[in-house]
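Open the structure in a viewer and keep the selection panel at hand. The stops below are meant to be taken in order.

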Amino acid sequence: MRAAPEFSWITPTYQGAAFLPRCHWSLTRQTVADWEWIVVDDGSTDETAEVVASLRDDRIRYFRLARNAGRGRARAFALSHARGRWTALMDADDLSLPGRLARAQAARAEGFVFFCSAMVLIGADYSVGTVRGCADDSEPRLFPHATLCGDTGAIRRIGYPPCRRAEDQTMVLTLANTARG
């Protein structure tokens, strides 16, 4: 088994096999390569296990829940297996720009406990939709939950609620009220 990585990506997925190769491609483009990817199959009936195996990356740790329990429970399960100093959220249908982990490293070096960035919504036709998290092109106005990256211990102390919706928002709001981000 590899030494503990600097970052743990956690991805719960339900019926998301079609998105996983693109998601993995995005992770492999990071300028920081010291990471593991924890994929928790939340009781899918699609080809998730086969797709993950086909990616052939020893940084991937795949787990399967016997039945669909919801994103909150799947995130909590993934978090309990995270070995990285910091944990980054990554939904199966998301992409991250190559500098995401490097920016998180810089935030950590400045004493921050968590880091969130703006996110761009892209349509099925690849059209660029709205930008969430910025009042204009430069100033953050809120912490988009899907971009959370933070100290694994701090995230574990809060824990993910066992709900199917808003588990990320609950996490980020609690972090924002208790830690420097």
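Predicted model: local features only at pLDDT ≥ 70, side-chain atom pairs only at ≥ 80, totals over all residues.

**Stop 1**

Start with the second largest pocket, which has a volume of about 240 Å³. Its lining has 14 residues; select Pro 12, Thr 13, Tyr 14, Arg 71 and Ala 92, the closest of them to the pocket centre. Next, colour strand β1 (7-13) and helix α3 (71-81), since each supplies at least two residues of the lining. Colouring the lining by residue type gives five nonpolar, four polar and five charged residues.

**Stop 2: Ile 60**

Now select Ile 60, in strand β3, which covers residues 60-65. Is Ile 60 buried or exposed? Its relative accessibility is 14%, and buried means under 20%, so Ile 60 counts as buried.

Show the neighbours of Ile 60 next. Leaving aside residues up to four places away in sequence, Ile 60 touches His 24, Trp 37, Val 39, Val 52 and Leu 55. For one of these, draw a C-alpha to C-alpha distance: Val 39 is 21 residues from Ile 60 in sequence, and the two lie 7.2 Å apart in space.

**Stop 3: Arg 59**

Step back to Arg 59, in the loop between α2 (48-54) and β3. Arg 59 has a relative accessible area of 17%, which is under the 20% limit, so this residue is buried too. Where does the side chain of Arg 59 reach? Show the backbone of Ala 33: the Arg 59 side chain reaches its oxygen at 3.4 Å.

Note on methods. Residues numbered from 1 in each chain as written. Heavy atoms only, no water. 1 Å grid on protein atoms, 1.4 Å probe; cavity = no way out; pocket = protein on both sides within 12 Å on 5 of 7 lines; lining within 4 Å. Points joined across faces, edges and corners; volume = space filled by probe spheres on them. Helix = DSSP H or I, 4+ residues; strand = E, 2+ residues; numbered from the N terminus. Nonpolar A, V, L, I, M, F, W, Y, C, P; charged D, E, K, R; others polar. Buried < 20%, exposed > 50% of the residue type's maximum accessible area, 1.4 Å probe, protein only. Contact = heavy atoms within 4.5 Å. Polar contact = N/O pair within 3.5 Å; in protein donor to acceptor, adjacent residues only side chain to side chain.
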